[in-house]
Amino acid sequence: MARQKDRLSLNATGPFFVDSSCIDCGSCWQIDPEHFASSSDSSYVYSQPKDQVDLYKAQLALIDCPVSAIGAPKDVVRNISSDIFPILITKHISGDVYYCGWSSKRSFGASSWLVLRPEGNVLIDSPRWSAPLARQIKKMGGLCKIVLTHCDNVADHDLWAKAFDCPRFIHKRDAFATHGIENQVIGDETILLEENLNLIPTPGHTAGSIVILLGNKEQILFSGDHLWWNPELQVLVASKKYCWSNWTEQLRSVKKLSELDIRWLLPGHGHAHEFKRGEWNRFIENTLRYVEKIKT
């Protein structure tokens, strides 16, 4: 738990606070942007919860924080349920999508997602190991597959695979970050993993980055760290600053996604976003026009 004596001065006056152990991974302001924000090197509470709905959102952020940098008085936190995650994001004909929470320091607070499907549930990227989350997932039907978008977001994948006795998938070029993984994606062609569930290699951010596409219309794109949404500028972001492998190749990978019918973008880092019908193509074209001006 965060320590009051290390409370950051940026925090708004009130019960919730962020202390100096924060790594500014973004998990709090992604899940609760109404109360948490980022400064130049740390997150902080910029607005205190005002009612029960607000309190629930702040509690989600507190549980999710990978380094326990969010604090509140005991009378505020003692009744927080450890079963608060996963939380429903959207229902889709090809599978309902949940945010797992329990972000991991090992993946710098990256988001992980659970897709509930009749064919078996799929975990996309790994949260930190959490017995309460595992119990909830078991109640929801367990896991049949774990798909890892790239080497940065693997976290406790081995513990989740062992707990649910399910195979894992990662691209061969990023498999160095895992041990004993069962399935390695090879090459750059789209792979049909299951009906209406595709793996699309998108090298660039890392050599083995992949995105996962759910559905054949009004699709859901799990983008890892390849693309995310910037709510302040209202734009899709592909970042040269956070490109660890090859920026030119990443731009080619962005172009591969331009003709999709995306309704939801669910990244590993950065904000998720729901698009209106037909918006995706316009936003991704704007992104490409902007980033192609950047010298490679």
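Visitor: How do E5 and E6 pair, in the parallel or the antiparallel sense?

Guide: The sense is antiparallel, over three bridges. Two strands pair if DSSP finds at least two bridges between them, so E5 and E6 qualify with three. Helices (H or I, at least four residues) and strands (E, at least two) are DSSP runs, numbered from the N terminus. Thr 90 stands opposite Val 97 in E6. E5 and E6 form a hairpin with five residues between them. Gly 95 in that turn has a positive phi of about 150°.

Visitor: What kind of model is this, and how are residues numbered?

Guide: It is a predicted model, with residues numbered from 1 along each chain as its sequence is written. Local features need pLDDT of at least 70, side-chain atom pairs count only at pLDDT 80 or more, totals for chains, interfaces and linings use all residues, and side-chain values use heavy atoms, with hydrogens and water left out.

Visitor: What makes the pair of Phe 85 and Tyr 99 edge-to-face?

Guide: Rings of Phe, Tyr and Trp (its six-membered ring) pair if their centres lie within 6.5 Å; planes under 30 degrees apart count as stacked, over 60 as edge-to-face and the rest as tilted. By this rule the count comes to nine aromatic pairs. The centres of Phe 85 and Tyr 99 are 5.9 Å apart and the planes stand at 75°, so this pair is edge-to-face. Phe 85 is in the loop between helix H3 and strand E5, while Tyr 99 is in strand E6, 14 residues apart. Both Phe 85 and Tyr 99 are buried. Buried means under 20% relative accessible area, exposed over 50%, partly exposed in between (1.4 Å probe, protein chains only).

Visitor: Which residues do ring pairs link into a cluster?

Guide: Trp 229, Phe 275, Trp 280 and Phe 283. The charged end of Arg 282 sits over the ring of Phe 283, 4.7 Å from its centre. The rule asks for NZ of Lys or CZ of Arg within 6 Å of the ring centre and within 35 degrees of the ring normal.

Visitor: What joins Phe 85 and Pro 86?

Guide: A cis peptide bond, with omega about 5°. Pro 86 is found in the loop between H3 and E5.

Visitor: What is the strand order in the open sheet of six strands?

Guide: The order is E12-E13-E14-E15-E18-E19, with mixed pairing. E12 and E19 stand at the edges, each with a single partner strand, so one side of each is left without a neighbour in the sheet. E15 and E18 pair in the parallel sense over five bridges. Phe 222 has Leu 266 as its bridge partner in E18.

Visitor: Why is Asn 198 called buried?

Guide: Its relative accessible area is 17%, so Asn 198 falls under the limit for buried. Asn 198 lies in strand E13. Leaving aside neighbours within four places in sequence, its contacts include Ile 191, Leu 193 and Val 211. Contact means heavy atoms within 4.5 Å.

Visitor: How do you know that the buried residues of H6 line one face?

Guide: Trp 247, Gln 250, Leu 251, Ser 253 and Val 254 are buried in H6. Seen down the axis, the buried residues of H6 fall within an arc of 160°, so they line one face of the helix. The arc is that of the directions from the helix axis to the C-beta atoms. Helix H7 is included in what covers them.

Visitor: Is Ala 155 buried or exposed?

Guide: Ala 155 is buried, because its relative accessible area is 2%. Ala 155 is found in the loop between strand E9 and helix H5. It has a positive phi of about 40° although it is not a glycine.

Visitor: What about Ser 68, and why is it called partly exposed?

Guide: Ser 68 has 37% relative accessibility, so it counts as partly exposed. Its phi is near 55°, a positive value in a residue other than glycine. Ser 68 is placed in the loop between helix H2 and strand E4.
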